[in-house]
Every structure is written in structure tokens, then in C-alpha cells.
Amino acid sequence: MSDAVLSTHGLRKSFGALLATDGVSLDLRPGEIHAVIGPNGAGKSTLIAQICGSLAPDAGQVRLDGIDVTAAKPAQRARRGLARTFQVSALAMEDTVLENVTLGATGRDGGGYGLLRRALGRGDRHDRALAAIDRVGLGGVADMPAAALSHGQRRLLEVAIALSLAPRAFVMDEPMAGLGGEGSAELTRLLDALRTEAPILLVEHDMDAVFALADRISVLVAGRVIASGRVDEVRADRQVRRAYLGDL
Ligand SMILES: Nc1ncnc2c1ncn2[C@@H]1O[C@H](COP(=O)(O)OP(=O)(O)OP(=O)(O)O)[C@@H](O)[C@H]1O
């Protein structure tokens, strides 16, 4: 656990009588993709919100590079290198691809990326933005407005924004949602390559993508991690098959 880039320790969160996060401890290690899967309502979004700082846990800790960030605002976590991509796209549609990446997503997560934007010089921002756009394969459409992009390209743009922050860790909430076969295949290839730049905590329903990408999987059911391990271990776990995977 000591070399974890990101970790949670006994996280707990209730909504009234409902225990949505019930003592969740997991970690994200350098170079890996760690997938968190589970049925609807298992508590995946609630967990991500606590990791990224938009929801305060009732108990437990979140650590980034070993530092306790449980009380830190989303903006502070972003500055420490926690890059989140969203389930619902929050791009500036009228701005170009380059502007979206250069400006970061000001206002997102309480302006965290905006703070980072001010910390970097203008030239740095531009160069870093262009490198990130090239990296995700959007170099040819850098001057097009986000509104003109396909859904799949917008997803790549979200990743480019996260990448331009030179993150320590990515947290991705259902990046494959709404993508067709070709779009998911392209994003799967990109995420596969990105893990060496920063490890990825991946919440995803698309099991093809999860099995193709994950080094480890944690299975969340009713707020608890019922199994965690290598893909083959988790796939073979009888409790997991009963609770979630069926005959996959
Ligand atoms: N703000 C809230 N107030 C009350 N209950 C909530 C709140 N947010 C989530 N819940 C409940 O907590 C549980 C976990 O929800 P959560 O959205 O985290 O699950 P999930 O695994 O992300 O589901 P999905 O796969 O459908 O996105 C659910 O029962 C949900 O209804």
C-alpha cells in the first residue's frame, strides 16, 4: 500500500439510513488501471465524489501521494494532481478544442483547474495543451469548436484536458458511456497507453473495456468492496459472479 499514488482508508458515507459507502479501502498504484465495478446504486459515484472532494465522508481517509487530502477541496486535490473526467460532459461547446484545453475547465470542480491555469505561464499552457491534444489524436481538429465534435471526440477532449494538467492520477467516471463500438475501441487504446503517464481509477459499466484494460478490479456491492484482485481472480470469484457478473 505504501507506494500507492491514491488510496482510500475505511471510507464511510450515509444518506439517512442508507449506508452508501461502507468502509471502502482501496488503492491505485503507479502504472496501473484499477477498475471499480458494481451494479446500479452500488455506490460508485458516491465513492468517486468523496475521492475527488465534492462530497465529505462521514469517516475514513483519502490520501494522494501519501498525503491526507480528506479535508481538501476539489480544487486543492486537482492542484496536487488528481485529474477527474466526468460522466456528464462539461465542455465549453462554443470554444475550440485548443481553447478548451488551454483554459482547462475553469469553474469545474470549484475552479480547481482555473487555479492551476493561473499558476502556469501562458506559453507553457499553450504548449502543454497542444501536446495533450496530439496525444489523444485530436491534432487535426484543434481549431474546431467542441460543438462540432462527435461524442467520441468530446470524450477524447475531456481526457486531453485532464492530461494537460500533468496529473499524478486519473479518476474516470464511465468514460465509455454512450460510445459506439469504434469509439470505445479508440478510447480503450488511448487509456491503455495512458496508464504509464498516470495510473487510472476507472469506474466503468462496459465490461469489455474493463476486462481489456484493468490490471485490478474491485467489485462494489451495496457500498462494500466484496472482492478485489487481478482480473482472472475477480472473474472466478463465486460471490462476484452471483452478485454481479452472472456468467460473464
Ligand atoms: N445525495 C444523495 N442523497 C440520498 N441518497 C443518495 C445520494 N446520492 C446517492 N444516493 C444513494 O446512494 C446509493 C449509491 O448511489 P451511487 O449513485 O453512488 O451508485 P452508483 O454505483 O454510482 O450507481 P450507478 O451505476 O447507477 O451510477 C444509491 O442507493 C443512491 O440512491
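Helix H6 hides much of itself: the buried residues are Arg-155, Leu-156, Leu-157, Glu-158, Val-159, Ala-160, Ile-161, Ala-162, Leu-163 and Ser-164. That makes ten buried residues out of the 14 in H6. Keep in mind as you explore that this is a predicted model. The protein chain holds ten helices and ten strands, and 41% of its 248 residues count as buried.

**Helix H6 and what follows**
- H6 runs over residues 151-164, and its first and last C-alpha atoms are 20 Å apart, close to the 20 Å expected at 1.5 Å a residue.
- Just after H6 you will find Ala-166, which has a positive phi of about 50 degrees.

**The nonpolar core**
- The largest nonpolar core is made of 64 residues, and Ala-160 and Val-219 have the most contacts inside it.
- H6 is the element that gives the most to this core, with seven residues.
- Domain 1 (1-72 + 174-248) and domain 2 (92-168) both supply residues to this core, so it lies between them.
- As a general background, nonpolar side chains in soluble globular proteins tend to be buried together.
- Leaving out residues up to four places away in sequence, Val-219 touches Ile-37, Gly-38, Val-225, Ile-226, Ala-227, Val-234, Val-240 and Tyr-244.

**A closer look at Pro-175**
- Pro-175 sits in the loop between strand S7 (169-173) and helix H7 (181-194).
- Is Pro-175 buried or exposed? Pro-175 counts as buried because it has 26 C-beta neighbours inside 10 Å, and the cut-off for buried is 20 or more.
- Not counting residues up to four places away in sequence, Pro-175 touches Thr-85, Arg-155, Leu-187 and Glu-204; of these, Arg-155 is one of the buried residues of H6.
- Leu-202 is 27 residues from Pro-175 along the chain, yet their C-alpha atoms are separated by 8.2 Å.

**Contacts along the chain**
- Among contacts between residues at least 6 apart in sequence, 68% join residues at least 24 apart.

How values were computed:
Residues numbered from 1 in each chain as written. Predicted model: local features only at pLDDT ≥ 70, side-chain atom pairs only at ≥ 80, totals over all residues. Helix = DSSP H or I, 4+ residues; strand = E, 2+ residues; numbered from the N terminus. Expected span 1.5 Å × (residues − 1). Buried ≥ 20, exposed ≤ 12 C-beta atoms within 10 Å, placed from the backbone. Core = buried A, V, L, I, M, F, W, Y, C linked by C-beta atoms within 7 Å. Domains from an automatic or database assignment. Contact = placed C-beta atoms within 7 Å.
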